[in-house]
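Subject: Structure for you to look at

Hello,

Here is the structure I promised. Please open it alongside this note.

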Amino acid sequence: MSKVTLDKHALYLASVQDPISDVSRVSKIYISIFNKEALSFREDFSGTFALSCCWVQSSSERTAISIDIDEETIEYGTKNYLSNLSSSEQARILPVVGNAITTTDSVDIIATFNFSYCLLHERKTLLKYFKHAYKSLNDDGMLILDIFGGSDSEIPEVQERDIDNHDHIAPFLFEFERKDFNPITRIANYGIHFKYESGEEIIDAFTYEFRMWSITEIRDLLDEAGFSRVKVFWEDCDSEGFGNGEFYETESEENSVNWNAYIVGIK
Ligand SMILES: C[S@@+](CC[C@H](N)C(=O)[O-])C[C@H]1O[C@@H](n2cnc3c(N)ncnc32)[C@H](O)[C@@H]1O
């Protein structure tokens with residue numbers, strides 16, 4: 001039975017995250033580059049590390065390190081997601097409360113999703129992060145980041161979506177609000193709100209102050225950090241012009257109102 005919940009992480013998983021599809025897309029991109037399966041994975045700025053949990057579930061040989069600076073968030077993932085895994089799956093994940101700007105044991109893939117690197121506002125800090133990521137990759141390794149943009153991405157707006165297909169959570173409205181965008185610093189403030197028809201709601205369940213880096217700036221920084229090649233995978237559209245979750249490699253696109261892409265730095 002579905003019910004109203006004010007658990008912000010559960011609402012976020014239901015509306016923002018799609019870890020099973022993410023694992024499948026990341027795995028396919030790795031195979032397309034290295035012609036073999038990726039096994040080891042580091043999820044940076046991992047939040048509740050739902051993605052890492054799906055990663056280790058996708059193969060008995062897969063391992064994950066999940067790094068987030070916020071203790072409460074890692075604790076939530078440990079209590080609500082990690083505990084649902086088998087003991088063999090649990091043994092293959094290492095959740096870490098700490099700074100993602102660090103060198104760890106080498107992995108095949110480092111994934112930094114939901115634009116988390118945009119929390120790093122200074123060029124020198126993002127470069128430092130990329131250098132640590134480079135050092136933490138196997139020779140056949142890649143760093144994958146997601147990015148969004150488009151002509152509407154620099155103006156205040158609220159994007160809304162009805163989330164009405166969840167087994168356990170009553171239908172609710174998901175809102176992603178861009179409160180402001182400063183074209184001089186390229187800093188934008190965002191808020192995520194969850195609203196039920198009954199009036200119960202969480203305003204600013206999550207807030208982010210993102211620097212809106214361009215693909216070109218990130219490419220240049222990855223190059224400077226030592227990555228040998230940088231590829232861009234662009235999200236395809238359905239017939240109504242909405243992103244359809246399929247990504248293809250490209251070097252030239254028309255700008256649109258809103259677009260999504262992955263940037264992949266290859267060691
Ligand atoms: C935009 S959320 C993304 C969460 C998750 N990656 C996702 O896809 O939903 C950003 C996360 O980064 C964490 N964070 C911020 N600065 C960090 C840092 N320096 N190192 C590790 N985690 C950090 C925050 O605690 C937050 O959970």
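I start with the ligand. The shell of residues around the ligand splits into 8 nonpolar, 7 polar and 2 charged. Here Ala, Val, Leu, Ile, Met, Phe, Trp, Tyr, Cys and Pro count as nonpolar, Asp, Glu, Lys and Arg as charged, and the others, Gly among them, as polar. There are 17 residues around the ligand, and those that come nearest are Phe 45, Gly 47, Asp 70, Ala 100 and Asn 114. A residue is near if its C-beta atom, placed from the backbone, lies within 6 Å of the molecule.

Two notes on reading this. The model is predicted: local features need pLDDT of at least 70, side-chain atom pairs count only at pLDDT 80 or more, and totals for chains, interfaces and linings use all residues. Residues are numbered from 1 along each chain as its sequence is written.

Next, the sheet. It is open, with mixed pairing, and its 8 strands run in the order β3-β2-β1-β4-β5-β12-β10-β11. Strands are DSSP runs of E, at least two residues, numbered from the N terminus. Two strands pair if DSSP finds at least two bridges between them. β3 (93–97) and β11 (243–249) are at the edges with a single partner strand each, so one side of each has no neighbour in the sheet. β5 (residues 137–149) pairs with β12 (residues 259–266) in the antiparallel sense, over 8 bridges. Asp 146 sits opposite Tyr 262 in β12.

Last, the domains. The assignment, automatic or from a database, gives domain 1 (8–149 + 215–266) and domain 2 (157–211). Their centres, taken over C-alpha atoms, are 22 Å apart.

Best wishes

Technical notes
Helices (H or I, at least four residues) and strands (E, at least two) are DSSP runs, numbered from the N terminus.
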